[in-house]
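Let's take a walk through a protein model together. Keep the picture open and follow along.

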Amino acid sequence: MEETGSFMDIIHMHNMKFTACHGVLDHEKKQAQDFMVDVRLYLDAKQAAMDDDVEKTVSYADAYETVKRIMTDTPCNLIETLAYKVAHALLREFALLTSVQVEIKKLKPPMEGEFEYMSFSTELKR
């Protein structure tokens, strides 16, 4: 494989589903609900690709476990809080990352209306 140009690579992690107790209302704190999480991990994976070496990239299996831990361990009132916690944890745990984007989707927020979900997203750069 020829080495040319500069690289900005993205690992996409879409629609990771977690069941947890997050929300402002009392019943949300007691009754688990479903959340979907999308994450984009930005890094330079050129060397990993050139050498075909998993040790030179970020393991999406390990990144999934980080997201899962944040989503299921500590209840939060706001999906904004969850998104910030996930973004900070990913940057802290994976040194190869230059930035991350996180979107938390609350599939059934406690409100009237027709919608697919409500969400919050953030991007954090190193």
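In strand 3, which residue is the bridge partner of Val-37? It's Ile-104. Before going on, note that this is a predicted model, where local features need pLDDT of at least 70, side-chain atom pairs count only at pLDDT 80 or more, and totals for chains, interfaces and linings use all residues. Residues are numbered from 1 along each chain as its sequence is written, and side-chain values use heavy atoms, leaving out hydrogens and water.

Strand 3 pairs with strand 2 (residues 33-43) in the antiparallel sense over 9 bridges; pairing takes at least two DSSP bridges. Strand 4 (residues 118-125) also runs antiparallel to strand 3, joined by 8 bridges, and there Glu-103 has Ser-121 as its bridge partner. Because 7 of its 10 residues are buried, strand 3 is largely enclosed by the rest of the structure. Buried means under 20% relative accessible area, with a 1.4 Å probe and protein chains only.

Now find Glu-28, in helix 1 (residues 26-30). Glu-28 is buried too, with a relative accessible area of 3%. A polar atom of the Glu-28 side chain sits 3.0 Å from the backbone nitrogen of Leu-25. Leaving aside residues up to four places away in sequence, Glu-28 touches Cys-21, His-22, Gly-23, Gln-33, Lys-106 and Pro-110, where touching means heavy atoms within 4.5 Å.

Terms used
Buried means under 20% relative accessible area, exposed over 50%, partly exposed in between (1.4 Å probe, protein chains only). Helices (H or I, at least four residues) and strands (E, at least two) are DSSP runs, numbered from the N terminus. A polar contact is a pair of N or O atoms within 3.5 Å; within protein, one must be able to donate a hydrogen and the other to accept it, and residues adjacent in sequence count only if both atoms are side-chain atoms.
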